[in-house]
Amino acid sequence: ARRFAAGDHRARVPVAGPTEVAEMGGAFNEMAGEIERARGAEQAFLADISHELRTPLTSIQGFAQAIAEGEASGAAITPAANIIQRESRRLMRMVEGLLQVARLQSGAQELARERVEPAALLATVRAALEPQAHEAGVRFSWTESADLPAVRGDPDRLAQLFLNLLDNAVKHSPKGGVVALEAVRDDGHAVVRVRDEGSGLPQGADKRLFRRFYRGENAERDGAGLGLAIAQAIAEAHGGSITARNVEGGRGAEFTVRLPATER
């Protein structure tokens, strides 16, 4: 324990001796392993955010300097200012997304606890994304079970969750494709599945999809890579979960959200 406290985070206890001592040793090793994993995740996050912030900050600094020193003048000022504005907005989206994930994961985000009907909520979300889907040449299909239960939660945050998933599905579906939504009751939960007809998830991506800043190969350049991380944080803040898998036969990916049902 002293070695660990002094910074040797690989220190472990030999699990031996009387039962109580062995159990204590095992518990210490589990604790040490969790702390080491948390430190590794923290270091990886710091490296990721440093990388993500560097690109927009470099653009802002470069073009601001060009304007200040007169290198960008006349007609060149407007394009330079537009780039500064675009990259500033990108930074704001990134910071706001990170703050939202942090608040949700820590429980600091205040959530309403209202009765929410998933069918009505999803109808609103589909309507909001219909123009984008139409422009992309993608249509929605919708099925629900007759006994679909209500859930208790924050309707705005839940709408954000499904907007992120549907927006992602539309962007990854080919022209003429279908984004299928299904909502059913399953073992005391309302289960919503969102399926696209895109190229599917790369091997091993289902383990990385919900990490902050993860982007697939065809992600938008200006995206913050936080949409799925926010979706997961919202689901978990409501006592639920979200998973992803490839559709059998190689036609697209399917995201499944499970939320506890409420009868009141």
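Predicted model: local features only at pLDDT ≥ 70, side-chain atom pairs only at ≥ 80, totals over all residues.
1. The cavity. The structure holds 1 cavity of 30 Å³ or more. The space inside the largest cavity comes to about 30 Å³.

2. Its lining. By class, 6 of the lining residues are nonpolar. No polar and no charged residues take part. Helix α4, residues 118-136, gives the largest share of this lining, with 3 residues.

3. Helix α5. This helix covers residues 155-171, which makes 17 residues. From its first C-alpha to its last it reaches 24 Å. That is close to the 24 Å expected at 1.5 Å a residue.

4. The start of α5. Asp 154 caps the N-terminal end of this helix. One of its side-chain oxygens lies 3.0 Å from the backbone nitrogen of Asp 156.

5. The buried residues of α5. They are Leu 158, Ala 159, Gln 160, Leu 161, Phe 162, Leu 165, Leu 166, Ala 169 and Val 170.

6. Gln 160. Is this residue buried or exposed? Gln 160 has a relative accessible area of 18%, so it counts as buried, the cut-off being under 20%. Gln 160 sits in helix α5. Setting aside neighbours within four places in sequence, Gln 160 is in contact with Gln 100, Ile 230 and Ile 234.

Terms used. Residues numbered from 1 in each chain as written. Heavy atoms only, no water. 1 Å grid on protein atoms, 1.4 Å probe; cavity = no way out; pocket = protein on both sides within 12 Å on 5 of 7 lines; lining within 4 Å. Points joined across faces, edges and corners; volume = space filled by probe spheres on them. Helix = DSSP H or I, 4+ residues; strand = E, 2+ residues; numbered from the N terminus. Nonpolar A, V, L, I, M, F, W, Y, C, P; charged D, E, K, R; others polar. Expected span 1.5 Å × (residues − 1). Buried < 20%, exposed > 50% of the residue type's maximum accessible area, 1.4 Å probe, protein only. Polar contact = N/O pair within 3.5 Å; in protein donor to acceptor, adjacent residues only side chain to side chain. Contact = heavy atoms within 4.5 Å.
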